[in-house]
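The following paragraphs walk through a structure one part at a time. Please keep the view open while reading.

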Amino acid sequence: MSKWIPLWLHKLSSPPTFYRFAGALRPWLLALALLTGAIALYGGLVLAPADYQQGDAYRIIFIHVPSAWMSLFIYGVMGFAAFVALVWRIKLAEVVAMESAPIGAAFTFITLVTGSLWGKPMWGTWWTWDARLTSELVLLFLYLGVIGLYHAFEDRRQGARAAAFLALIGIINVPIVHFSVNWWNTLHQGSTIRLLGPSTIAPGMLWPLLTMMLATKFYYLASLFGRVRTDLLDLESGKDWVRTIATGSTLQ
Amino acid sequence: MNPTRKRRLIVVLLVVAAATVAVGLGVFALQQNMNYLFTPSQVQSGAASSHKTFRLGGMVKAGSIQRSKTSLLATFTVVDADGAMPVEYTGILPDLFRDNQSVIATGHMDNAHFVATEVLAKHDETYMPKELKDAMAKAHKDKPMPEGSDAGGSP
Amino acid sequence: MSRPGLANACAAMLRRDLTLAWRRRGDIAMPVLYALIVTMLFPFALGPEDTLLQRIAGGVVLVTILLAMLLALDAMFSSDIEDGSLEQLVLAPQPLALMLAVKILAHWLTTALPLIVISPLLAGMLHLPTAVMPVLVLALLLSTPMLSLLGAILVALTAGTRRSGMLLALMLLPLCVPVVIFAAGAVAASQQGLPWLAPIAWLGAALVLLLVLAPLACAAALRIALDA
Amino acid sequence: MNGGSLQHFFAMGGYAGYLWPAYAVFFVVLFVDFLAPLLRRRRLLRELRARLARKAARQSRQAPTPTEPA
Amino acid sequence: MTAAPTAATDNVILLETRELGFYRQDEPVFASLNFRLRSGELGLIEGDNGSGKTTLMRILAGLLHVDEGELYWHGQPLQREHCVGEVLFLGHQLGLKADLSPSENLQVAVGLHGYRAQTTLSAALAEVGLSGYDDEPVRRLSAGQKKRAALARLVLLPATLWLLDEPYANLDRTGIALVNRLLEEHLARDGAALVTSHGAVSFHGGEPQRIRMHA
């Protein structure tokens, strides 16, 4: 089964190797996230002009939209890692899937709260049962379910596999929820940034948005690496490499 | 055929059969008319007459907004391509509520006008500075901004 | 030695679960009682205003029945896990998914069916028009098996854990959102005199798919959960 | 940037009450998310060191190495 | 691993483990376990509490995933589908429904597994000494009688390999003799059995293969 995995990936998926790799990369990722985040904030809050319709309130998109993207992107990563974990039983994949869930939940929560803070002045309501909002809420519940199931097991690896299974079921569920709620005509606007055809956003507003998207991606990787490192220490606490780290004088 | 393969084949056949039935039912369901939003012209043609409460969707007619000086009562007209419906609403209207804005109002008919219990403003997915918008508006004289389709993948 | 046919095995399982349920008849009555009490509370909480009760009747009955089923869901495999019957079932020379499907059917017959039988009474308590009742029952007939099937997957996933009541609710909620939307949509449409076949057709489509996929998923989940 | 324009900036065209809480939520949630594993890691390592110390003490007390229960 | 050579070398190798190991939370429960079980042979798995006897049984039954090493069934790498219906497992939990009578319980088992040749339900109950109890719910039986009801499955159902986890627990002297008789009959039919026990077992039908468990 492991012959399908390239050798370097196989090596990287060994916990001590990944621990060192992630430890070396994490500060750089964090620095990149902070740098791009700062640029995006300056661009979004100071440089970008006010919107013709929404005035300054639209500036919430610079965090709302990247967070919403991340909430879905992280679910995708989690689902992929969950699949790998279930099929090939690779420990690192289990850990990546399980440690992605809290970050995804954090971004989903941010999306919901900032969306609410945007919806009140613009639509006139904090919340509406529209397809996007509802599927985002369901996404939050899925994340919480995965986290809850993971922690309900005494055996961590068994919990990870059960929660990974739930994550896979959830992947199918999110679009279904979206379309089922779509019935009740939707209030949320369409997609602004399109892969095909021109974006309907002015360039001065677009670049901070894209930069922030990049920043959240870097942040996700930095946070994920930190979480995975911690979880590996916990899971492998009986192994020699962890003992060396624990007793070593430097907290590396 | 060995039992494992046979079992797998049965499972695959069952899944395919179920998917076929499900697709059939889905196609049938799509052919049914599911309309939860009525435009003023539909209301006037009597399409919504069987409902007590329904949703009215359309654009706010320019210059039709009248606010009461003593209360929160507001009256305005919602129009679509070839219909208009007077609406009355008591409450605080959202900031985006203005002339030529797409709105969705929930409520019921009272004689010839619509009494709304909730008014929501729908904004489009276009973001641009005011100057640019003015410039564009000048370019395509009195052409409304394109209302985007809702088929996008990202929120 | 002779291996029994699938039909025999299914019949044996169904008979076993139904006999067990019959020996504990009191447990069957509990969800019904629960649904009656919850429905009764609504007029008290909202006031006996007919129009208001009528408007919410369909949704209230659906949600009440969903919650009543959730109450009974936990017990779907718990006794079988405790006494080792589930291990024996996993090791039996029969397709596990099929056996689980039979167990789910037995569970549906003993928990959901009594609820569907009293659903007109529940709806009547909230003054749902009689003309809408058949649609409500039809919606329930299609949606409750889905809740049983989805619930079975989640119960199987939590089979290896001790505290699972709240967790089960948290996990089931996102999965049953579409089911509730379509079932309630059909009832509401019928109540407003609109065509209600479309949501019923969607429910049917989902049910057909779940009937095949859920037992397979349930079997996989159970193997994961027992693997410790 | 003088005081007036700074004030103008913070007012955000009258939407300050919505905009700034949104940004605050964004940063607070992500900060907590980032801090949680670091704290957990510190605790883990402390516990592990304590466990190893206890084990070493146990082994030095009983000169012949005892068989650890699996 | 000490696997004493036995006389039954002419029979086919039914089950073989190669370097089998199992970990719980990365702590080895047992490691590099090697043994061969031939048809007509009894394997006695010995070890202290916590040495992984039950874990091994559950692995062999197919309830637990193999972490390390390989399992062979008739010389082929073991897959679940190959040994389906050939293995009977008797674990700590007996798999009896407390609200059903012994015969009802057995009927369910027969419905899933089928009958072994030339057995009937009443004969099986008589053999384990539960003749008068076939309408009593299992809940009201004593611990030893419950065990006997579970043993009746061994009499009634077809299988090549028996995996018996602590079959002597809760049994009186006649019960122990019953287990031994059932084992002897099973081995005489060219069946094989693996039995765990942490106590001394006096098995009269020839010297069993002893498999010691340690981490």
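A polar contact is a pair of N or O atoms within 3.5 Å; within protein, one of them must be able to donate a hydrogen and the other to accept it, and residues adjacent in sequence count only if both atoms are side-chain atoms. Between chain C and chain E, eleven residue pairs are in polar contact, both residues being at pLDDT 80 or more. The elements that give two or more residues to the side of chain C that touches chain E are helices H1 (6–23), H4 (75–82), H5 (85–91) and H9 (197–226) of chain C; helices here are DSSP runs (H or I, at least four residues), as strands are (E, at least two), numbered from the N terminus. The largest share, eight residues, comes from H1(C).

The model is predicted: local features need pLDDT of at least 70, side-chain atom pairs count only at pLDDT 80 or more, and totals for chains, interfaces and linings use all residues. Residues are numbered from 1 along each chain as its sequence is written, chains are lettered from A and ligands numbered from 1 in the order in which they are written, and side-chain values use heavy atoms, leaving out hydrogens and water.

The contact (heavy atoms within 4.5 Å) takes 33 residues from chain C and 28 residues from chain E. Together the two chains bury about 2,800 Å², 53% of it on carbon and sulfur atoms; buried area is the accessible area (1.4 Å probe) that two parts lose on being put together, summed over both.

Side chains of opposite charge can pair when their charged atoms come close. In a salt bridge, a side-chain nitrogen of Lys or Arg lies within 4 Å of a carboxyl oxygen of Asp or Glu. Five salt bridges are counted between chain C and chain E. One pair is Arg58(E) with Glu87(C), whose closest N and O atoms are 2.7 Å apart.

Other salt bridges lie inside a chain. Lys103(C) and Asp80(C) meet at 2.5 Å, N to O. This pair links distant parts of the chain, Lys103(C) in helix H6 (residues 96–125) and Asp80(C) in helix H4, 23 residues apart. Both Lys103(C) and Asp80(C) are buried, meaning under 20% relative accessible area, with exposed over 50% and partly exposed in between (1.4 Å probe, protein chains only). In chain E, Glu136(E) and Arg140(E) form a salt bridge at 3.4 Å, N to O. Glu136(E) counts as partly exposed because its relative accessibility is 30%, whereas Arg140(E), at 58%, counts as exposed.
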